[in-house]
Amino acid sequence: MPLIDLANPTRFLAFTSRFLPWLAAATVLVLAVGISLVASAPDDYQQGATVKIMFIHVPAAWLAMGCWTLMSIAALGTLVWRHPLADVAARAAAPLGAAFTAMCLITGMLWGRPMWGTYWVWDGRLTSVLVLFLMYLGVLALWRTVDDPSRAARATAVLTLVGAVNLPIIKFSVDWWSTLHQPASVLRLGGPTIHPSLLTPLLIMALGFLLLFITLHLAAMRNEIMRRRVRTMLMLQAEAAGR
Amino acid sequence: MRPIPRPTRLLATELACVRGGRRVFSGLSFAVGTGEALLVSGPNGAGKSSLLRLVAGLVRIAAGRIELEGGDGDANLGEQAHYLGHQDALKPSLTVAENLEFWTRYLDGGAATAPALDAVGLGAIAHLPAAYLSAGQRRRLSIARLISVERPLWLLDEPTSALDASAQAMLAGLMRSHLASGGMILAATHGPIGLEGVRELRLGGAG
Amino acid sequence: MTALAAILTRDMRLSVRQGGGALIGVLFFLIVVTLMPFAIGPDLALLARIGPAILWLGALLASLLALDRLIASDYDDGALDLILTARAPLELALAAKALAHWLTTGLPLVIAAPLLGLLLNLDPTATGAVALTLAAGTPALTFIGLIGAALTVALRRGGLLIAVLVLPLTVPVLIFGVAASNAAIVGPVPFGVPFTILCGLTLMSAVIGPFAAAAALRHGME
């Protein structure tokens with residue numbers, strides 16, 4: 001089936017209903033392999049078993065950022081091409097992005113408790129993620145506040161793109177702010193100096209999370225399409241009762 | 001619900017109304033008995049809406065008096081009247097049934113709304129959010145309030161606006177049965193509202 | 001009683017359905033608390049010391065947010081006309097509206113406060129004290145806000161004016177709210193003294209608020 005056919009919501013529904021079970025199965029499989037690898041991975045000599053929370057934290061952080069990228073592309077689709085599925089994709093992605101960002105924050109806090117002795121420090125990385133979380137919540141609030149889906153889609157598309165332009169600036173400012181206050185003595189979260197024996201499980205976990213995201217996103221898109229159809233049907237019903 | 005004594009007459013004597021420093025009307029006297037309707041007509045700005053709001057107790061009376069003879073002594077005039085203004089007093093995010101149910105419970109304490117919704121032809125879409133309704137349907141939903149809660153006096157401001165011919169006939173039927181059961185109607189209107197042989201009170205002189 | 005229950009449930013339903021008004025208040029609270037360390041620096045000891053004050057200020061500002069729609073939405077669609085002419089006393093109807101408003105916007109702030117306490121490095125005692133004082137004090141903010149909402153009901157752009165009118169009136173609540181939280185954390189005053197005064201302020205505003213708001217609405221009529 002050519003990809004362009006998927007642009008039609010009905011075709012999209014038919015295709016995903018066949019495709020989703022396989023995708024879900026693959027997700028479970030990859031995550032199961034990943035978790036077993038993580039369980040057998042060696043503990044860190046400094047951090048002990050606590051390091052294993054990174055296998056959830058880091059993929060969640062990647063997805064938190066990736067999801068905004070996806071939303072930005074969908075926003076272009078909404079504004080430039082006026083594509084019907086672009087709205088749906090953006091709307092379905094926003095709660096998922098917020099959820100993965102929240103997961104990243106919560107795992108970061110749980111990791112920080114034994115490492116820093118407190119659940120939260122205003123570390124540059126964590127703080128940028130917190131601001132990203134706030135922006136996701138803002139997008140969700142805008143979706144919920146505007147009643148008409150296509151108007152809401154255009155408004156949030158603008159907000160998403162503004163966010164995409166601003167996020168690097170925010171990240172830079174927060175980093176500058178945090179290094180200003182805290183010299184490099186703070187333990188770094190993750191970082192590039194990861195031992196190869198930990199890298200394989202991390203990448204497999206990341207793949208599992210990506211599959212999970214795609215599964216959930218397609219399912220959420222289906223729900224959104226059907227929600228809009230229900231809305232249209234109800235409006236037709238109201239119109240019919242006018243006679 | 002305690003039984004409410006039926007009022008026998010709405011009597012206005014030498015009424016005057018001042019809004020925003022401007023004298024809208026003065027020296028206005030009229031009476032409406034049970035089973036009677038009085039149409040208030042006149043050009044724009046003659047004070048039709050002001051008169052209805054004044055009777056409902058929403059605008060201060062500048063001079064004169066207005067009373068409902070033989071009514072419930074404990075209740076003031078507004079509590080014995082239905083005021084149907086230009087605005088529909090509906091919440092778009094509540095369903096049709098929830099909107100009517102709220103007003104029924106708030107104004108009366110009862111909660112049987114289904115017959116009233118059927119009477120205005122909205123029974124089939126009671127579960128829809130009011131946001132989906134057309135202007136005429138919204139109007140019909142606020143009219144449903146008049147029959148779900150019983151009040152002896154109806155104050156109707158342009159009741160036929162936004163209503164199509166069949167809905168106007170429906171409203172006329174509701175008004176006739178209200179009058180037949182001893183109710184009173186005071187309606188501000190530009191045109192006929194489907195009641196025969198009603199008296200007319202013309203405001204604003206020849207204007 | 002039925003009438004008041006009706007208005008309470010209607011307002012709570014509206015607040016939950018219309019764009020999640022309650023959650024926007026919590027989101028605003030979260031943003032205000034997040035912004036503070038950017039302005040004053042991430043020193044955890046300093047944040048822990050002024051944390052109760054930050055939380056109280058954040059909650060105070062967040063509780064102002066939805067006030068402009070509290071009565072104005074009923075004014076705009078004509079529902080206020082019917083409420084004014086109904087048999088149920090206006091004062092009680094307004095009290096029910098304020099209660100619904102607090103349950104959907106004030107209570108979520110109280111629930112969110114402990115979570116935000118984590119961000120500010122508050123210890124469990126301090127967090128508990130702030131949550132308790134917010135639970136006791138935010139109803140006062142809503143009832144005082146009710147007066148502002150009634151005074152500005154007929155105005156376009158009433159929202160800004162509400163803040164200007166209401167914020168000075170909330171000074172005592174802020175003083176005793178923060179004082180009680182600090183008393184629980186560092187002393188030297190026992191917690192009970194400012195906390196009792198805070199509860200007294202709430203009870204007083206629960207009486208004055210609806211009456212003053214009802215008077216404002218009645219006299220606002222032409």
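**Helices, strands and an interface**

With a relative accessibility of 45%, A:T69 counts as partly exposed, a class between buried (under 20% relative accessible area) and exposed (over 50%), judged with a 1.4 Å probe on protein chains only. The structure is a predicted model, in which local features need pLDDT of at least 70 and side-chain atom pairs count only at pLDDT 80 or more, while totals for chains, interfaces and linings use all residues. Residues are numbered from 1 along each chain as its sequence is written, chains are lettered from A and ligands numbered from 1 in the order in which they are written, and side-chain values use heavy atoms, with hydrogens and water left out.

A:T69 belongs to helix α2 (residues 54-79) of chain A; helices (H or I, at least four residues) and strands (E, at least two) are DSSP runs numbered from the N terminus. A:A238 stands 169 residues from A:T69 along the chain, and 39 Å separates their C-alpha atoms.

Helix α6 (residues 196-240) of chain A holds A:R227 and A:E224, which are 3 residues apart and therefore separated by about one helical turn. Their side chains meet in a salt bridge at 2.5 Å, N to O; this term denotes a side-chain nitrogen of Lys or Arg within 4 Å of a carboxyl oxygen of Asp or Glu. A:E224 also meets A:R228 in a salt bridge, at 2.9 Å from N to O, and these two residues of helix α6 of chain A are 4 residues apart, again about one turn of the helix. A:E224 counts as buried because its relative accessibility is 4%, and A:R228 is buried as well, at 17%.

In chain B, a salt bridge joins the side chains of B:R199 and B:E36 (3.1 Å, N to O). This pair links distant parts of the chain, 163 residues apart: B:R199 is in strand β8 (residues 199-202) of chain B, and B:E36 is in the loop between β2 (22-33) and β3 (37-41) of chain B. B:R199 is partly exposed, at 39% relative accessibility, and so is B:E36, at 32%.

Strand β5 (residues 81-84) of chain B sends B:A81 and B:Y83 one way and B:H82 and B:L84 the other way, and all are buried. In a regular strand the side chains alternate between the two faces of the sheet. β5(B) pairs in the parallel sense with strand β6 (residues 153-157) of chain B over 4 bridges, where pairing requires that DSSP find at least two bridges. B:A81 has B:L153 of β6(B) as its bridge partner.

Turning to chain C, helix α4 (residues 67-76) has as its buried residues C:L67, C:L70, C:I71, C:A72 and C:D74. They lie on the same side of α4(C) because they cover an arc of only 160 degrees around the axis, taken from the directions from the helix axis to the C-beta atoms.

Chain C meets chain B in a contact (heavy atoms within 4.5 Å) that takes 31 residues from each of the two chains. Between chain C and chain B there are 5 salt bridges. One salt bridge joins C:R13 to B:E98, with the closest N and O atoms 3.6 Å apart. The elements that give two or more residues to the side of chain C touching chain B are α1 (2-17), α4, α5 (79-85) and α10 (192-220) of chain C. α1(C) gives the most to that side, with 10 residues. A network of salt bridges links B:K91, C:R10, C:D11, C:D74, C:D77 and C:K97.
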